[in-house]
Amino acid sequence: MKNLLLVGILGVAMSVSCSTVKTAKTAQTDRVEFLKLKGDWEVTSIDYDKNFKVKPFDEGADAKCFVGSHWRLIPNNYSGSYTLSGGGACPSVIQPIKFEVVNGTEFKFKKLLEGSKAKAVTEGYSLNLISQTTDSFSLEQNVPSGSDNVKIVYNFARTGMK
């Protein structure tokens, strides 16, 4: 009976330790993806079906306003910002964000409004990380439009700080 109890305890200990190792490896993989995104980036182009009017991230600005936008991603505290330089019909915007990479393929971020804490912000945006090199990456967002989804691809190029 004691041997059966000992085998049961060892079995539970082994399954918990294996689970912890798997979680640690996933967290380590996500951390590597964070570090690859560290730095300053520019949106070089946005690809989508031009038959739809697209206003990304609830800024009230057309998608073309995001081309040339500057994104700073700081992974050690999961913060950053994006900046629209304005001009023409495009607004001038500096938007602080909190972001994360989930499972190495999902880029999530939420906008931080002035005076708000990240914990208090419950809604945000989820995009798929569809390609990545040292100096570029692409994010894909599916936005509902009526009965269809519009696929938007944001292409980024590194502009500084690795």
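Glu 140 and Lys 151 join their side chains in a salt bridge, at 3.8 Å from N to O. The term covers a side-chain nitrogen of Lys or Arg within 4 Å of a carboxyl oxygen of Asp or Glu. This pair links distant parts of the chain: Glu 140 sits in strand E7 (residues 136-145) and Lys 151 in strand E8 (residues 148-160), eleven residues apart. Strands (E, at least two residues) are DSSP runs, numbered from the N terminus. Glu 140 is buried at 15% relative accessibility, while Lys 151 is partly exposed at 49%. Buried means under 20% relative accessible area, exposed over 50%, and partly exposed in between, with a 1.4 Å probe and protein chains only.

The model is predicted: local features need pLDDT of at least 70, side-chain atom pairs count only at pLDDT 80 or more, and totals for chains, interfaces and linings use all residues. Residues are numbered from 1 along each chain as its sequence is written, and side-chain values use heavy atoms, with hydrogens and water left out.

Turn to Lys 111. Its side chain forms a salt bridge with that of Glu 59, at 3.2 Å from N to O. Lys 111 lies in strand E5 (residues 106-111), and Glu 59 in the loop between strand E1 (39-47) and strand E2 (70-74), so the pair ties together parts that are 52 residues apart in sequence. Lys 111 is buried, at 14% relative accessible area. Glu 59 is buried too, at 18%.

Lys 108 pairs with Glu 106 in a salt bridge of 4.0 Å, N to O. Lys 108 is partly exposed at 32%. Glu 106 is partly exposed at 21%. The count of salt bridges comes to six.

How values were computed. Helices (H or I, at least four residues) and strands (E, at least two) are DSSP runs, numbered from the N terminus.
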